[in-house]
Amino acid sequence: FTRASTASYYDGKTYAKAEENLLIRSQEFQSSWSAQLVSVTSNDVVAPEGTTTADTVTEDNSASIHRIRQGLSVSGTLTLSVFAKAGTGSRFLTIGVNNSTANYASATFDLSAGTNTQTLVNGTYSSQSAAITSVANGFYRCSLTVTTDTVSGALIGLSATSTFSSGSRGFESYTGDGSSSIVLWGAQLEQRDTLTAYTPTTDQPITNYIPALQTASAGEA
């Protein structure tokens, strides 16, 4: 058998990494996420794909970090992302990963202007970068990529300013007003240096491998 054009085939042995999401309950920020000085109102806003499944995260009036966190254990080069839009007030979004007060990375975003305003990295973490892309219904998909040794938590929170120096683990410490909020949907953590399509999860993370598509030169059987 011969052919004049390039062929593609599955060899049955080589596997490529498919889309994955290492976070659980990726659209349910009131479940499997611990809240610090915020409240979560579930299924409160129309999400990017048209269903009323986005959650509103509202700060209280305490002086500290205002965020949600999911614990996990992973290492390597990671990409954390979430769909977010501005809520009440004028708060900024900060996302990040860490394993201690010394080792962390975070990125802060302006959800009104659609810009990345600050990226922080400390300790053993390195090679951080951030991106923000406009999607449907006023949401942005915000992402942070960083090389780590060990990560024990993924965090999503509010910030009062676009750039800050005082805080903890890359998140700003400030006095909340009890009403300012951001809207979240579709968090994802991937063990790779690129952002892929959003993969929703429930009680289990999704880690898949698929047979790799190979290319044969013209004339190969």
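Mentor: Two strands pair if DSSP finds at least two bridges between them; strands are DSSP runs of E, at least two residues long, and helices are runs of H or I, at least four, both numbered from the N terminus. This is a predicted model, in which local features need pLDDT of at least 70, side-chain atom pairs count only at pLDDT 80 or more, and totals for chains, interfaces and linings use all residues. Residues are numbered from 1 along each chain as its sequence is written, and side-chain values use heavy atoms, with hydrogens and water left out.

Trainee: Which residue in strand 8 stands opposite alanine 105?

Mentor: Strand 7 (residues 104–110) and strand 8 (residues 115–122) pair in the antiparallel sense over 7 bridges. In strand 8, the residue opposite alanine 105 is valine 121.

Trainee: What phi does glycine 114 take in the hairpin of strand 7 and strand 8?

Mentor: The hairpin has 4 residues between the strands. Glycine 114 has a positive phi there, near 75 degrees.

Trainee: How many helices and strands are there in the chain?

Mentor: Read along the sequence, the pattern is β-β-β-β-β-β-β-β-β-β-β-β-β-β. The count is 0 helices and 14 strands.

Trainee: Is asparagine 21 buried or exposed?

Mentor: Asparagine 21 sits in the loop between strand 1 (7–17) and strand 2 (34–36). Buried means under 20% relative accessible area, exposed over 50%, and partly exposed in between, with a 1.4 Å probe and protein chains only. Because its relative accessible area is 0%, asparagine 21 is buried.

Trainee: Which backbone oxygen lies 2.8 Å from a polar atom of the side chain of asparagine 21?

Mentor: Contact means heavy atoms within 4.5 Å. Not counting residues up to four places away in sequence, asparagine 21 touches several residues, including Ala187, Tyr198, Thr199 and Pro205. The backbone oxygen at 2.8 Å belongs to threonine 199.

Trainee: What is the phi of leucine 37?

Mentor: Most residues other than glycine have a negative phi. Leucine 37, in the loop between strand 2 and strand 3 (38–45), is partly exposed at 26% relative accessibility. Although leucine 37 is not a glycine, its phi is positive, about 60 degrees.

Trainee: Where does arginine 169 lie?

Mentor: Arginine 169 is a residue other than glycine with a positive phi, near 55 degrees. Arginine 169 counts as partly exposed because its relative accessibility is 29%. Its place is the loop between strand 11 (167–168) and strand 12 (171–175).

Notes:
A polar contact is a pair of N or O atoms within 3.5 Å; within protein, one must be able to donate a hydrogen and the other to accept it, and residues adjacent in sequence count only if both atoms are side-chain atoms.
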